[in-house]
Amino acid sequence: MRWLIRQVHRKGKGQVAYEDDIHFGDALTIGRGASQAVFLSDMRAALEHARITSVGRGRYRLESLIDAGVRVDGNIVQQATLAAGAQIEIGSTRIALLDPPEDYDAAVEISTIDASELAARAARKRVPTSLAETRLGKRAAAWLLLVGTLLFGLLLPLGAHYSRDLSELLLSTPLPSRDAWQAGELDSAHHFFGSDCNQCHSEGFRWVKDKDCQTCHKDTPAHADPVTFNLPELGEARCAHCHRDHNGNGGLVREDQALCADCHVGLAGASGGASTLDDIGDFGTAHPEFKVALPAWDAEDRFAPQRVELSAGLQERSGLKFPHELHLDPAGIQAPDGDRTLACADCHRPQPGGARMQPVEFESMCQSCHRLTFDITDPQREVPHGRISEIFHMLDEFYARRALEGQVAEETAPQALRTRRRPGQTVTTEERQLALTWARDKSRQVGERLFNGGTCSVCHATGPGPSIEEPWKVAPVRVAGTWFPKSHFTHRKHTTMACADCHAAETSEASSDLLLPDIANCRQCHAGEQGGRDRLQSGCIACHGYHESDHLLQREL
């Protein structure tokens, strides 16, 4: 196929020169590459920009070789079938498709778009950027704006303030009334001084100062020590940066995730190593595994919990023997009053308000099954729970009274103690001494059976005591009251969930198992701030507070 390529050269004084070239090939390639049939030096052209194919009878097939397309007669196309007369533009080059002359199969004319034409196009697309271009004077617009501001921002609200009729009229129209001077409704926490603006605005026409906030909030805990964490976000931040009133109820506290993530992403580097906290940016995608306050005590027996990462092998050393699997057996357990099937709610009951669970109490939750009886002849009598000295004091009194009254029904007891005495019968000194000695020995035997024979030792670790008055001791039960002190959680909002959805108690065989849900469990329902189609939107403030320092107050900053 024989192509005619005609180059148009414009010279001074409107002169035009033509230069013809011949190309042989099925297609005419256009681009900035050296191998292209039509070479364009314009940097806006790709190495291989477009391809034109003749389809006969003065018609052409245009194909763009780049995603941006090619401009044809003012429109961007990827491919098109064109007739002679169509104009293709690439950068500052125009390629016109021609009817092929005699002895040629196809023909194109290549020219440079005139700079004045390009400037005219840009001028038509450019929007006005000054008042002069809109044929409006600055002075007239300024006066109009001033009059409008005075009328709608001053005169109408002022008239509504002094005229009830005008005020009612303006309230029924979109025009501004006296309410235009109001900054907005106060948060409910500030309603009690809503009419006294000077409570917060001590300086007229100025922002609320931190000292004005600290007049009431001086005992509010701080978030972080600005000396230890020398961060501009803390040291230079005003109270009003996060707390902006006049936004109605609920508008005083920021709840967006950026409030926390702006500092807690890259905190270690920003604080110069002062912080050892992990980077946290989003609960759903950038949050480490939970850290639990595992109960621990120091050498002086003071509570000193250790924060460790929650893991599958983590164990709780509470001093209590309690296999959940046994107590939650669907077949039930053998209780003194018959078989009984237990559920989680039998021992774990929410506090008023539903946030946490009440402490498990032996008397109200355990004693109905684990009775502390000690003498078969008096099955209703039980020893007190949890006070060893009182247990032995009660046992001494119980058996001393039996011995002194002669009600001992044991063949191993002395004969004098097995004979019932008549009311008012005098007890000799020898008989009294014999009764008290036997009672003391008997109480120690019963105590050994309680502590080492299957009553106390069923649930507790027992051992020899420190003194004669307390011949036995029980390992103290130490259960954490709060596992996650750096966050807040309420069971009340999770009443739609079953206990087993979060706590694997039904399969726990040892009381040392830490039956706490990990972050993967929580992420089944909770996503980050953006939420999800089937998960709840949960920002940082959903589980964490801000002003939670345990030693630094706002007045000390």
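Predicted model: local features only at pLDDT ≥ 70, side-chain atom pairs only at ≥ 80, totals over all residues.
Me: Why is proline 517 called buried?

Reply: The relative accessibility of proline 517 is 15%, and buried means under 20%. Proline 517 therefore counts as buried.

Me: How far is proline 517 from isoleucine 30, C-alpha to C-alpha?

Reply: The two C-alpha atoms are separated by 65 Å, and the residues lie 487 places apart along the chain.

Me: Where is aspartate 375, and is this residue buried or exposed?

Reply: Aspartate 375 belongs to the loop between helix 10 (362-366) and helix 11. The relative accessible area of aspartate 375 is 8%; since the cut-off for buried is under 20%, aspartate 375 is buried.

Me: What makes the approach of aspartate 375 to arginine 402 a polar contact?

Reply: A pair of N or O atoms within 3.5 Å is needed, one able to donate a hydrogen and the other to accept it. The side chains of aspartate 375 and arginine 402 make such a contact at 3.4 Å. A second polar contact, of 2.3 Å, joins the side chains of aspartate 375 and threonine 377.

Me: Which residues does aspartate 375 contact beyond its neighbours within four places in sequence?

Reply: They are Phe398, Tyr399 and Arg402. Helix 11 spans residues 388-405.

Me: Why is helix 11 called oblique to helix 13?

Reply: Helix 11 (residues 388-405) and helix 13 (residues 429-452) pack at an angle of about 135 degrees, and their axes are 8 Å apart. That makes helix 11 oblique to helix 13, because roughly perpendicular ends at 115 degrees and roughly antiparallel requires over 145.

Me: What is the handedness of the crossing of helix 11 and helix 13, and which classes of residue form the contact?

Reply: Helix 11 passes helix 13 in a right-handed crossing. The contact residues divide into 15 nonpolar, two polar and five charged.

Me: Which residues meet where helix 2 packs on helix 3, and what is the handedness of the crossing?

Reply: The crossing of helix 2 past helix 3 is left-handed. From helix 2, Leu156, Gly159, Ala160 and Tyr162 meet Arg164, Leu166, Ser167 and Leu170 of helix 3. By class, this contact has five nonpolar, two polar and one charged residues.

Me: Why is glycine 153 called partly exposed?

Reply: Glycine 153, a residue of helix 2, has a relative accessibility of 38%. Buried requires under 20% and exposed over 50%, so glycine 153 counts as partly exposed. Apart from residues up to four places away in sequence, glycine 153 touches Gly148 and Trp181.

Me: What makes alanine 132 exposed?

Reply: Alanine 132 lies in the loop between helix 1 (115-125) and helix 2. Its relative accessible area is 66%, and exposed means over 50%; alanine 132 is therefore exposed.

Me: How do you know that threonine 412 is exposed?

Reply: Threonine 412 is in the loop between helix 11 and helix 12 (415-418). With a relative accessible area of 73% against a cut-off of over 50%, threonine 412 is exposed. Threonine 412 and glutamate 361 are 51 residues apart in sequence and 38 Å apart in space, C-alpha to C-alpha.

Me: What is the phi of arginine 57, and why is this residue called exposed?

Reply: The phi of arginine 57 is near 60 degrees, a positive value in a residue other than glycine. Arginine 57 is placed in the loop between strand 5 (50-56) and strand 6 (59-64). Its relative accessible area is 88%, and over 50% counts as exposed, so arginine 57 is exposed.

Me: What is the phi of aspartate 103, and why does this residue count as exposed?

Reply: Aspartate 103 has a positive phi of about 75 degrees although it is not a glycine. Aspartate 103 lies in the loop between strand 11 (93-98) and strand 12 (106-112). Its relative accessibility is 58%, and the cut-off is over 50%; aspartate 103 therefore counts as exposed.

Key
Residues numbered from 1 in each chain as written. Heavy atoms only, no water. Axes fitted to C-alpha atoms, helices over the stretch in contact; angles between N-to-C directions. Helix = DSSP H or I, 4+ residues; strand = E, 2+ residues; numbered from the N terminus. Parallel < 35°, antiparallel > 145°, perpendicular 65-115°, else oblique. Left-handed = near helix turned anticlockwise from the far one by under 90°. Nonpolar A, V, L, I, M, F, W, Y, C, P; charged D, E, K, R; others polar. Buried < 20%, exposed > 50% of the residue type's maximum accessible area, 1.4 Å probe, protein only. Contact = heavy atoms within 4.5 Å.
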